Amino acid sequence: MNRLLTKKNGLIAAAAVVIIAAAVILSTSFSQALTLDEAKDIAGKYVPSTAKFVTSEEEENKYEVMFHDDAAGEGFEVEVHKDTKKVKKVESQMDNDMGSKNVKLTESQVKEIIKKKFEGVTSVSVNLKKDNGLYEYSVDFKSNDFYGDAEVHPESGVILESTVKYGTAITIPTGDSNDDNSSENGKFLSYEEVETLVIKEAGGGFVKDIDLEKENGKYVYEVELIKDNVEYDYIVDAESGKVTLENEHESYFDYDDDRDDEEAAKPDSSGNNSSSGTSGNSGSGTGSSGTSGSTSSSSHISSEKARSIVLAKIPGATINKLKLEKDDGRYIYEGEAVLGDYEYEFEIDANSGVIIDWDKDRIEDFDDDDDDDDDDWDDDWDD
């Protein structure tokens, strides 16, 4: 009898030890989970001290924390990884992110601006580009600990927008014919192929960012797509091309330039427009007339709906012109709007409601006869 009691007490004690151990593990697990307040504290170290917290988005493995510096007129979005409790990416954008009609800074001067701003940069590549009639310097840079890109004002040297990613960029294995993972064997999709897949899945928009990651021994692309100022986060299998929508939320930054949906206006291999595909995520182009061919007038959105789409993007604007046109076999709404010192020209797919063209110009800076050559700037450089 005593032997049975001893055995019983031993089992009870062992069970108690297991319960206590499980409680300790569970408690430790919860104590290690990253909270929003912790994420805000971590993110705050990567933005100016004058920047104030605005809002945040929580996703499965990260927080996106947004700040705004009212004095400087600049917004920030900081990604903090939940598991590592480290910052993965920092994006910034000036409220006024327009370029300039004049170029005064040289490429060498822009390189020095980038090196001063992002301490530790070891390599900088600079290119001058003209977008919507204005010049900007497009810059790519990297260091031992981070890499990224930026747009720089060619007169003032202000960094209009930038993206900094921490860590080392992952590249798909290449070059070794014996390597089963070699992209030369066609096993992995290219960035361009992934971009095409995601735009088709979303039914338009433009890809803001693509990152290649290795998760559980598999390569995947993490893709951020902007459509009508909503950010869609996709995961794409680098081998199969399977596209999965992970998250969607309103974009913190205002994307009002001509990048919006310019890909949606391009025909795919069958001659159809990607903005009128059959994607389930976009909510557009799912009717019987799912191609860019002619459609019956009954399938068009109304002019009032077209106006509401524009005003949702630029609240308070005055729409000066809106007309229904047939262009290359499909109906579109063409229009003009004014808000403050800016004039907007837009085109909306009359079948799907997708914005397929969007241009933003400062009113006082542009004349109808202003058609400067891309090379005009090099005559007046102030070195």
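G148 is buried, at a relative accessible area of 10%. Buried here means under 20% relative accessible area, exposed means over 50%, and partly exposed lies in between (1.4 Å probe, protein chains only). The model is predicted: local features need pLDDT of at least 70, side-chain atom pairs count only at pLDDT 80 or more, and totals for chains, interfaces and linings use all residues. Residues are numbered from 1 along each chain as its sequence is written, and side-chain values use heavy atoms, with hydrogens and water left out.

G148 belongs to strand 7, which spans residues 146-152. Strands (E, at least two residues) and helices (H or I, at least four) are DSSP runs, numbered from the N terminus. Leaving aside residues up to four places away in sequence, G148 touches V139, D140, F141, T163 and V164. Contact is defined as heavy atoms within 4.5 Å. V121 lies 27 residues from G148 along the chain, and the C-alpha atoms of the two are 10.0 Å apart.

Two loop residues have a positive phi. Most residues other than glycine have a negative phi. K85, not a glycine, has a positive phi of about 60 degrees. K85 sits in the loop between strand 3 (74-81) and strand 4 (87-94). Its relative accessibility is 32%, so K85 counts as partly exposed. N229 also is not a glycine, and its phi is positive, near 60 degrees. The loop that holds N229 runs between strand 10 (218-227) and strand 11 (230-237). N229 is buried, because its relative accessible area is 12%.

An open sheet is formed by four strands in the order 13-14-15-16, with antiparallel pairing. Strand 13 (318-327) and strand 16 (355-362) are the edge strands, and each pairs on one side only. From one strand to the next, the twist averages 15 degrees. Two strands pair if DSSP finds at least two bridges between them. Strands of a sheet pair through backbone hydrogen bonds, either parallel or antiparallel. Strand 13 pairs with strand 14 (residues 330-339) in the antiparallel sense, over nine bridges. Opposite K323 stands E334, in strand 14.

Helix 5 (residues 303-313) packs on this sheet. The helix touches strand 13, strand 14, strand 15 (342-349) and strand 16. The direction of helix 5 makes about 125 degrees with that of strand 13. Axes are lines fitted to C-alpha atoms, for helices over the stretch in contact, and angles run from 0 to 180 degrees between N-to-C directions.
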